[in-house]
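Welcome to this guided tour! Open your viewer, have the selection tool ready, and follow along stop by stop.

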Amino acid sequence: MATASNRTPPSNNSVPDHEVAVIGAGPGGIAAGVKLKQAGVTDFVIIERADEVGGSWHENHYPGLEVDIPSLAYQYSFARNPKWSRLFAPGAEVKQYHMDVARRFGLYPHLRFGTTVVSEEWDEGGHRWNLHLAGGGVITARFVISAVGAFISPREDPGIPGLADYAGKVQRPSDWDHDYDLTGKRVAVIGTGASSVQITPSIAGQVQSLSVFQRTPVWCVPKPNPRIPRSVQVMLSVPGVQAAVHGGVLVVVDALLRAMSNAPMAVVRPTMRTVDSAAILGYRGLLRMMVRDKRTRDGLTPDYGPIAKRPTANTGYLLTFNRDNVELVTTPIERFTEQGIRTTDGEEREFDMVVLATGYHVFSDPETYTPGMVIGRNGLDLGEFYTAHGLQAYQSVALPSLPNRWTLVGPYSWSGSGWHAFVEMTADHAVRAISEARRRGATFAAVRREAHDAYHRAIYSHGAAMRFYLAELNAHVPTYYRNSQGDSTYIRPTGFFAARRGHRRFPFTDYEFDVLPPVPAEAAVKTNGAKAKPRRNRAAGVTA
């Protein structure tokens, strides 16, 4: 972590280790690497903490893992795969796809595995970024693309006392031990999010007993997952077919997002209330068809709208609660004990294994950006800035006081598409800005403050309906779509196509370009200045 005592002194050395450093080799990092190569940039490094590409698809390999949107929507536009085995591809296949794309586009020579960036520090005197590594060492780069994904890291602490006292086996979705034999074991699954919905039906038939501890019921609809016939694979290999199918879906999603963000609030409020009530009523009917026990059905029934939390899809999840060896526990957990879990009603259950499916630190939470993680111009600390002023960034990727740096998964970034479509367009933004800087011979590129503030005012205004839905209508439900500040910074409310236009056609006049002056080191030190004190106005956009 770059602190006042160990920050790298500013330098007038204009030759960094690399022209571009990409942080992360998940879907975003691969997209950035391919886009850089297509733009003719060859001096770049992709820094990855793990030992292989794929991001969460490499780190996660738990039972039942599969993509939760159709495979056709979960791929790059420049590497469409006509040979997906199933409508919703299994995790191992998705991981292999990312490895194949990285290999096909020649990214492996640029990869540096087993390397963790712990802090990023802007060097004003050198117009470059100093990337401090775990265990010591620094990588310098003229430009930085942060391709860290939406789910930054698993929550190691489930927020339940006594975990260290528990003597049994602890499993996590991000670190599953496949050598542990589940046969005949008494198992608890804590959490009912996307991972739990896949793990629960996958292991229920192997274990002696399975207790699912639920804080909040999850929306889970059936998900038929047929094999894709060879004839369909042949059809999907015809140029343009996959793009047309995916494009049609995007048109529908885009229309819904734009309708919600553009409608007057006098229409939005009653409409959302009516839709949520109707959806909950319909879901009760689905539960009556799929779950036999009324008490269990009642426990599985959400009291919030279907998109207030991440909805899930798995045919086996609800049906699993019909098994004699499976129970739903809705009584809050008091603590772990040496032998298992005690709930607040005093009952203690003994378990051989506990699965902690308790979520991740996500990009839309200000707490994710710890002080010292990113230090920009004039000593601006990104963590402190986001805590004080809320998450914001021009087109979701850039801040004025973080020159030469773009974030692929930033505030108000997800636009309702598959993951790859959205990180492709944010990568397009970063590479377009870098390419223009190279064309001008510039060593400095930063979004102008007035452009950033105008963009944030507009996006904040468009987000009024989403804030009502998440922070008022469904304020009672915990969700990472609404962060600790009450903002819905996960979703870009203007829709997919407006976002794509914004990233691919932003005016270069929105950026300031400059060339590193040939100044002595003493003068460069003076340019580091005192920490900026921006205006405190979240809705209007704050000079960062």
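A residue is called buried when its relative accessible area is under 20%, exposed when it is over 50%, and partly exposed in between (1.4 Å probe, protein chains only). Before you start, note that this is a predicted model, in which local features need pLDDT of at least 70 and side-chain atom pairs count only at pLDDT 80 or more, while totals for chains, interfaces and linings use all residues. Residues are numbered from 1 along each chain as its sequence is written, and side-chain values use heavy atoms, with hydrogens and water left out.

**Stop 1**

Select glutamine 395. Is this residue buried or exposed? Glutamine 395 is buried, because its relative accessible area is 9%. You will find it in the loop between H10 and strand S20 (405–407); helices (H or I, at least four residues) and strands (E, at least two) are DSSP runs, numbered from the N terminus. Its phi is positive, about 50°, although glutamine 395 is not a glycine. Most residues other than glycine have a negative phi.

Now select asparagine 378, in the loop between strand S19 (374–375) and helix H10 (382–389). Here, too, phi is positive, near 55°. Asparagine 378 is partly exposed, with a relative accessible area of 25%.

**Stop 2: aromatic rings**

How many aromatic pairs does a search of the whole structure find? The search finds 29. Rings of Phe, Tyr and Trp (its six-membered ring) pair if their centres lie within 6.5 Å; planes under 30 degrees apart count as stacked, over 60 as edge-to-face, and the rest as tilted.

Show phenylalanine 78 and phenylalanine 105: the ring centres are 5.3 Å apart and the planes stand at 80°, so this pair is edge-to-face. Phenylalanine 78 is in the loop between helix H2 (56–59) and helix H3 (91–104), and phenylalanine 105 is in the loop between H3 and strand S3 (111–112), so the pair ties together parts 27 residues apart in sequence. Phenylalanine 78 counts as buried, at 16% relative accessibility.

Next, pick tyrosine 394 and tyrosine 455, another edge-to-face pair, with 5.8 Å centre to centre and 70° between the planes. Tyrosine 394 lies in the loop between H10 and S20, while tyrosine 455 belongs to helix H12 (residues 449–462), so this pair ties together parts 61 residues apart in sequence. Both tyrosines are buried.

For a group of rings, select Phe151, Tyr360, Phe363, Trp414, Tyr480, Tyr481 and Tyr490, which ring pairs link into a cluster.

**Stop 3: charges over rings**

A charge sits over a ring if NZ of Lys or CZ of Arg is within 6 Å of the ring centre and within 35 degrees of the ring normal. Select lysine 223 and phenylalanine 88: the charged end of lysine 223 sits over the ring, 4.7 Å from its centre. Then try arginine 432, which lies over the face of phenylalanine 506 at 4.5 Å from the ring centre.

**Stop 4: an open sheet**

Switch to a cartoon view and look for five strands in the order S8-S17-S9-S10-S13, an open sheet with parallel pairing. Two strands pair if DSSP finds at least two bridges between them. Which are the edge strands? They are strand S8 (169–171) and strand S13 (326–329), each pairing on one side only. Finish by zooming in on strand S10 (residues 209–213), which runs parallel to S13 and is joined to it by four bridges. Valine 212 stands opposite leucine 328 in S13.
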